[in-house]
Amino acid sequence: MTTYPHLLTPLNLGFTTLKNRVLMGSMHTGLEETRDWNRVAEFYAARARGGVALMVTGGMAPNAEGGVFPGAAGLFSDQDISNHKIVTDRVHDAGGKIAMQILHAGRYAYSKDCVAPSPVKSPISPFPPKALDEEGIETQINDMVTAAVRAKQAGYDGVEVMGSEGYFLNQFLVSHTNKREDRWGGTYENRMRLPVEVVRRVREAVGTDFIVIYRLSMIDLIPNGSTWDEVVTLAKAIEAAGATILNTGIGWHEARIPTIATSVPRRAFTWVTKKLMGEVNIPVITSNRINTPQVAEDVLADGCADMVSMARPFLADPDFVAKAEAGQADLIAPCIACNQACLDHTFSMKIASCLVNPKAAHETELMLTPSQKTVAIVGAGPAGLSAALAAAERGMTVTVFDRATEIGGQLNMAKQVPGKEEFWGLVDYYRAAVAQAGVTLKLGHTATPDDLVGFDDVIIATGVTPRDPQIEGQDGPNVLSYIDVLRGGAEVGKSVAVIGAGGIGFDVAEFLVTGESPTENLDEWLEEWGVGDPETTRGGLRPEGPEPEAAIRNVTLLQRKAQKLGKGLGKTTGWIHRAALKMKGVEMVGGVNYERIDAQGLHVSFGEARERPTVIEADTIVLCAGQLPERSLADALLEKGITPHVIGGADVAAELDAKRAIDQGTRLVASL
Ligand code: FAD
Ligand code: NAP
Ligand code: SF4
């Protein structure tokens, strides 16, 4: 008897059967745009080998104006069909199934040629869209149908028609973006005509033995979004039009409510999908912040859906399902929902990958070949641990030293931050994985050069030391470092000044203002961000707006740079950190000079002329002024004539994060 009976039960679709209840949701990786079809094929084949029942590709444009950006991948020609066939063949050979997503971006397309139901510019795009006339709408439908037919010719098992997240079809559904007065606008029956017509004509064109998934926005999270009645009406009409499966979309891209970031509670929106269960007779898929087999199993056991969609977890670990089946859930590299290497890359026009798995989308380039070497690694932070796992995968004999009595390095501080609880799972995974890989761990052991003699390679991953900001009075009893606060459990007063507004300054501020973490309490989180039941409030936005819990301390966050605080935070998540602190009343002050600290608090002035002397009255001042490389052991080794490889913070501390540390550790070992 498996631990995940619901998750691992096949799903019979009549003309075909899915081997379990797991869908890999669509992700734009940027791979298709490289035109390296072998690389695309290997990406999907690795996930097919890992046991997922059905995968959905990144969005494919049906035509030039529907592309998310100029040059976005699509299926435009016979040559494209044979390229995509390389992918589908490789997936089928690996025992998998794959559907192609048809994504028309409408007014979200980053192009002056973008089209939409009405000329209403999106807040997240600089381009006002052109309103389509009747003929233009027919062209869009035909192009989407043609894309589906080509997908079938290319060997795909189905298509997913993207109808959520505020893209083209979604834009027809709500009066906020559809101001038309013809048969495509006005009443809801008219507004939903386009998505229903697309599904109907796609089904007509592809025949019965082909999967047609429709991704339906269950909760728009925008003003004047769909009502729940409209969602159900659409779902029934889409079923009648011939869809095989309904997938869930949560929130438009322009919504100001986080939907997939790490601070969003696990399975935060499965209760929404559950409302649709019983309303339609085709399978319903739920999604968002499902990242372990147990969470997925619980979602299904609770009757929230017939199937779960997980996307980013398959970047973190292509073998997610196979490991769940084998009873090795603790060896699944977890998606921590950080967005740092996936979405942040996509929005920077870089190939996506994964913070915890740099091989993701780099399968043909980052390979770990067999080796017999012996390797010593000092430091069991993310840099050292990733190096250790890569070395073990190569067959090397690995010894890891850490002066701490637990592995994880700074991840053990990150996990204390409210909203970053996923880091607990990452450290747990590393613990299980290094044990399973046979790595020798020497914890509570400060490594010396003598420990490191006799190994083929020595890797120094000793991390960082906090930067000394040299502020007068910083040795006083009212001054703490971020390490005292996050690790040492130091007592912190009711009013606090935080010096430094980098990633750690923001995290420390969050830690200091938050009582119980809303990430651990779904009802509180929904209240904090103003999410309501779509059955009672249009689009799922509570009329009273966000209602966060009161801050437990008064915090002022400071930096010397005269620019917006948090500018360097993650591209897709920085706004969430800023909004969360603002909601808690954290004051953000830039452009300061730190003059001195005394019993009154922190004395600052502004600008080069050191004007406007001001006292930030505070019981406690916390230093988060950046970090410097901890290289003392590396230097001592060099003196002894041993040349180590230096990685992570020990190499370069500036702009260091776990993504760079893990990537560097893995790549170094691949090159040894
Ligand atoms: P470290 O994690 O610092 O590990 C170094 C290890 O070396 C330590 O365990 C130390 O004990 C050991 N060591 C040092 N000298 C010796 C010696 N002589 N002998 C034996 N052992 C030794 N990054 C992100 O990407 N995303 C985030 O959301 C994020 N949040 C963070 C939140 C906080 C509060 C903090 C503090 C950091 C956060 N980071 C985040 C940064 C991330 O944790 C670091 O970039 C990363 O841990 C650096 O990895 P590392 O392996 O180089 O060093
Ligand atoms: P950081 O991002 O470099 O920020 C350091 C802060 O200290 C800045 O606000 C800087 O601003 C200030 N500072 C620098 N020198 C100073 C000085 N001499 N005196 C006073 N203030 C000074 O570093 P961090 O916050 O320590 O974070 C360390 C690393 O962990 C970062 O590289 C970060 O990427 C990573 N991290 C990432 C996340 C994440 O969510 N991705 C979260 C936490 C940490 P001014 O120079 O303007 O004063
Ligand atoms: Fe998940 Fe972060 Fe990896 Fe993206 S980069 S897949 S969010 S762990």
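Guide: Two strands pair if DSSP finds at least two bridges between them; helices (H or I, at least four residues) and strands (E, at least two) are DSSP runs, numbered from the N terminus. The model is predicted: local features need pLDDT of at least 70, side-chain atom pairs count only at pLDDT 80 or more, and totals for chains, interfaces and linings use all residues. Residues are numbered from 1 along each chain as its sequence is written, and side-chain values use heavy atoms, with hydrogens and water left out.

Strands β13 (residues 374–378) and β14 run parallel and are joined by 5 bridges, with Val375 opposite Val398 in β14.

A salt bridge is a side-chain nitrogen of Lys or Arg within 4 Å of a carboxyl oxygen of Asp or Glu, and the model has 36 salt bridges by this rule. In one of them, the closest N and O atoms of Glu204 and Arg200 are 3.2 Å apart. These two residues lie 4 residues apart in helix α7 (residues 193–206), so about one helical turn separates them. Buried means under 20% relative accessible area, exposed over 50%, and partly exposed in between (1.4 Å probe, protein chains only). Glu204 is exposed at 58%, while Arg200 is partly exposed at 35%.

Asp317 and Lys323 form a salt bridge at 2.7 Å, N to O, and both residues are buried. Glu393 and Lys359 form another, at 3.0 Å between the closest N and O atoms. That pair links distant parts of the chain, 34 residues apart: Glu393 is in helix α14 (residues 382–394), and Lys359 in the loop between α13 (343–346) and β13. Lys359 is partly exposed, at 24% relative accessible area.

Methods. Chains lettered and ligands numbered in written order.
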